[in-house]
Amino acid sequence: MGQPSVPPSPGPPALPFQAGCQVRCAGCRMILTVAPGLTEFICPNCQLPQMLPPELMRPLHHPHQHHPPAQAHGIDPTKIQLPCAHCKAILNVPHGLARFACPQCGVDLAVDVSKLKQFFPPPMRGPPEEINEVAIDVEREEDEGGTIGETFTDYRPPKVSMGPPHPDPIVETSSLSAVQPPEPTYNLKIKDDLEGSKALSCLQIETIVYACQRQLQHLQNGARAGFFIGDGAGVGKGRTIAGLIWENWHHGRRKALWVSVGSDLKFDARRDLDDVGATCIEVHALNKLPYSKLDSKSVGVREGVIFLTYSSLIASSEKGRSRLQQLLQWCGSEYDGVLVFDECHKAKNLIPEAGGQATRTGEAVLEIQARLPEARVIYCSATGASEPRNMGYMARLGLWGAGTCFPEFRDFLGALDKGGVGALELVAMDMKARGMYLCRTLSYKGAEFEVVEAPLEAEMMDMYKKAAEFWAELRVELLSASAVLPDDKPNSSQLWRLYWASHQRFFRHMCMSAKVPASVRLAKQALMDGKCVVIGLQSTGEARTEEAVTKYGLELDDFVSGPRELLLKFVEENYPLPPKPDALSGEESVKELQRKRHSATPGVSYKGRVRKVAKWKAASDGESDEESETESDQESTESDDEFQICEICNTEEERKKLLQCSCCGQLVHSSCLVPPLTDLVPEDWSCHSCKEKTDEYLQARHVYLTELLKRYEGAMERKSKILDIIRSLNLPNNPLDDIIDQLGGPDNVAEMTGRRGMLVRASTGKGVIYQARNTKDVALEMVNMHEKKLFMDGKKLVAIISEAGSAGVSLQADRRALNQKRRVHLTLELPWSADRAIQQFGRTHRSNQASAPEYRLLFTNLGGERRFASIVAKRLESLGALTQGDRRAGPSLSAYNYDSAYGKRALMMMYRGIMEQDSLPVVPPGCSSEKPETIQDFIIKAKAALVSVGIVRDTVLGNGKDSGKVSGRIVDSDMHDVGRFLNRLLGLPPEIQNRLFELFVSLLDLLVQNARTEGHFDSGIVDLKANVIELKGTPKTVHIDHMSGASTVLFTFTLDRGITWESASTLLDEKEKDGLGSSNNGFYESNREWLGRRHFLLAFEGSVPGMFKIIRPAVGEALREMPLTELQSKYRKISSLEKACKGWQDEYEVSSKQCMHGPKCKLGNFCTVGRRLQEVNVLGGLIVPVWGTIEKALSKQVRQSHKRLRIVRIETTTDNQRIVGLFVPNDAVETVLHDLAWVQDIDD
């Protein structure tokens, strides 16, 4: 039942209060006048009993009490909603009406136009001229936050002074550098050794001290606390681990487990232990040891380091013995030695994304930690904390579980997902402050980057187009081939899974091949310049090569074309064929048929059984059970003198004197038949009616089989036609073999990949031969190490690395190596994640190098690739690298992570636009809004493209008025799947591919821009900038972590953001004195007045023509540049400097006391929009333990941008004290302090 609503108020002569109030009936909506004092009444029109709404009753009972204006039901959007000054009822007032009486309490009211503004929070639409546009602009600018500052700072251990400096410049993220680790209290036993040998730098010694110190503590659940080494690639984690093992050895802990990614790295482990002086510690490779007890006499491993890989953690022998059991038995449950998880991001996916399975590796890593509660666990990974999901196995950090505010890892993950990019950095800072994490990265100073575009050559472009068309046709062909199959073939979903997997591989291959000519050119150039070359790729195409060799033999005419072999294999193995019919041959088939038909006619045996049971009443239960077997089985168990009835003359006869039809099973006298049977009766005799049926059946069957055979042969023919087309397609060779061949063959190129064999051009120059990569001198598992040595000794000057073969391998211009030429690192294929790309770059950029490498990121001009290369370049640039070529400034890396929440929304918008469910908010590339037909044409093409790559399913061509239109649907799971979109996109012809990608990116940019404007965008850590920043009062400690003694502290700063008239005019003079300034530079005032005053600003042209930097008297320089059109529509230029000076100084003064909304702002003193002097509260130190409390307090905030956890960095201008922490809005401070319930002042 609707509540009666306040009526739109009648014209000026309003009803006086004595006449009662007017309400609208909840039933018939008629307006009724209710006498004063009445609260319940019945409508005279529709007889509905009802009450006055509570808003209308209150003033009667509490005439003096002020209530907040309650929004009445029944707002009339065409009028202004204003509260009565006396009874606070909200009234619908027509525009322009200046005086009226309140229909509720009768008081005469006047509308004060100057105060109307505060009744228009932006969502409510009032008269347009009353919204202070400038205040909205300033609020948006403030919500965008400050700039994202210089992200890395140089690193020196703050509190540990032992050891020589690190051989190369090392940096740390500036957010981490704002946090101090705890005081070191641990005394190293190997201190004297190290001071003598100088084997470890001060950074590495610092890590060992903090790790040992942390491992003296226990978590609440009784397990020993663990330590996380997050150092980047090339900082020297291996030596640090060796140092830790050596330190523990001196404490009598003689056993250690070292888990890593590849068994090759055992040699690096040996080298690292030797370097720190631990030559006496043996390293045993677990994969070389039997499954029996390790400390038994036969194996004899009593102490030392057992080196194993993640895959061997889950291995077991044929007899069912597992490696995990073997290790646990060797360690014993009291084990308190070192357990190292090196490159531990490989144990990821313990907590899979929705719908996935937890990996066995992840589970094994958890189990071994649970079974060895006293082990000293070290997690080691450069990318371990970049993706919170991958921290699931780091149970020993104590961030969740007993005694924390996250009972389960899932709760911790949920909080991080809500907190966004900045939350991860906060967790890292937290871990550092509690002494369980260190993370330093090699500075990329001196390394050079160039993003090299390798446009598709004409031949390649043609190949690509034809290949894309071929795949689209193949899809149609497979669809029609599977349509004629009988339905009982369950493998169609598998067919499509394989189809799309092959599709993705094929086009990634094509992209790589397209870059071969450019990479060979660059490599040859680098060799001529006296440098050496490292080429990085992700996949080697080994499987294709091996299949081809098995198929065609060891000698081939030319290198294998990976894409072609992939296609051939896919079609040969998966082309849907109808079942091949078996021809029926003469007699046997008749017998077979009759047997089949007999067993398929239960009626007969049923009748027979009834008869028999009727006769043999005495049969026991057991026998009657057996009678349900087939007739023929019964016969053999029955006695000979049994009697049965002839079906024709119905007389009883001995069983053996009757004939039985082998088909329907009926019994007859041979003499009763017409004509009577006198000869010897064949065993498989069948009666006349059965015989007739059989012949008919056989004939029909024959026709049917011929038809099936025709179909089968037709399908076979089509399949071989497709295979012929594939063989005739012009497709590129396997890029890896191609490059090795063009750079002088395996004698000049060191290959570090996971493949076992390769194709080499024959010595005659004709054809190629397959050969194993290992020789009789070098075992297969040593091949990569051998090749690496040849490269590092300068015997080969080109190295090719794949992801599988290069984990942890060092190829830098090492000062200890013979080959110290500068490395030129080319990437043929970038992994889809910037972190993994950095892992690959870390191969050539490591500690102790003679020169930093030059990186060349190659990409084609196909949609997704180009964009991605620039992201990686951006990320590396932030690590201190010089970038040549591509210097486009852009938002931070996270904005280009397509697979983000914004990416998913952009994809959904694009799909809905193409499927014509919604209109597209941007004009597609190559279209114009003036010509709607161009947009329509694009949508038709885009829809066809999405159909051809299987994103639009169940397509139907319309007829009648929709003829030519395609309708279909995109399943929900595809709607948000950005990875799938990017992969499938590659299978489209280049032109439509680039247009679709551009559309996707422009939608993504639009969403990100909107999120920034509305203050939802999470840009990670934001710098708060002001001319003067001072700490106010003493910081308050609000929480202390008992295990590490680290605390959470609330700081309050005062900021003065203003710019004086003198500074502003000096700025303008500087711009003008070059004579290059734009004619539009200068002081402006707003076109309109608010609260009787105009707003002023200084504008001058920024880095991009047509965009202007804005400086305001109260808040300084805005982050966003304003387009000239917007500037001229909202502001006008002031020619008189006196006027500008007066206005500027006036606004500068006023803004020190109040916000832009004026003295009557609804948030009062808490509002900071456009206020020059501000108080800012930052919660620094440990945040994770008090996370929940803060989240609760923020959820009650009014301003949208304040509801989000915002992480800020602030540096005082007086003494350069830097604090990074959570921004707490002023009106939330009390709630936070109240909820933490623990406040005390810090003594100086």
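**Reading salt bridges**

Modeller: Lys-551 forms a salt bridge with Glu-565, their closest N and O atoms being 3.4 Å apart; the term denotes a side-chain nitrogen of Lys or Arg within 4 Å of a carboxyl oxygen of Asp or Glu. This is a predicted model, in which local features need pLDDT of at least 70, side-chain atom pairs count only at pLDDT 80 or more, and totals for chains, interfaces and linings use all residues. Residues are numbered from 1 along each chain as its sequence is written, and side-chain values use heavy atoms, without hydrogens and water.

Biologist: Which parts does the pair of Lys-551 and Glu-565 tie together?

Modeller: Lys-551 lies in helix H15 (residues 542-552) and Glu-565 in helix H16 (residues 562-574), so the pair ties together parts 14 residues apart in sequence. Helices (H or I, at least four residues) and strands (E, at least two) are DSSP runs, numbered from the N terminus.

Biologist: Is Glu-565 buried or exposed?

Modeller: Buried means under 20% relative accessible area, exposed over 50%, and partly exposed in between (1.4 Å probe, protein chains only). Glu-565 is buried at 6%, whereas Lys-551 is partly exposed at 39%.

Biologist: What joins Glu-854 to Arg-822?

Modeller: Side chains of opposite charge can pair when their charged atoms come close. Here, a salt bridge joins Glu-854 and Arg-822 (3.6 Å, N to O). Glu-854 belongs to strand E31 (residues 854-859), while Arg-822 sits in the loop between helix H24 (803-806) and strand E30 (823-827), 32 residues apart. Shared partners join Glu-448, Lys-531, Arg-822, Glu-854 and Arg-856 into one salt-bridge network.
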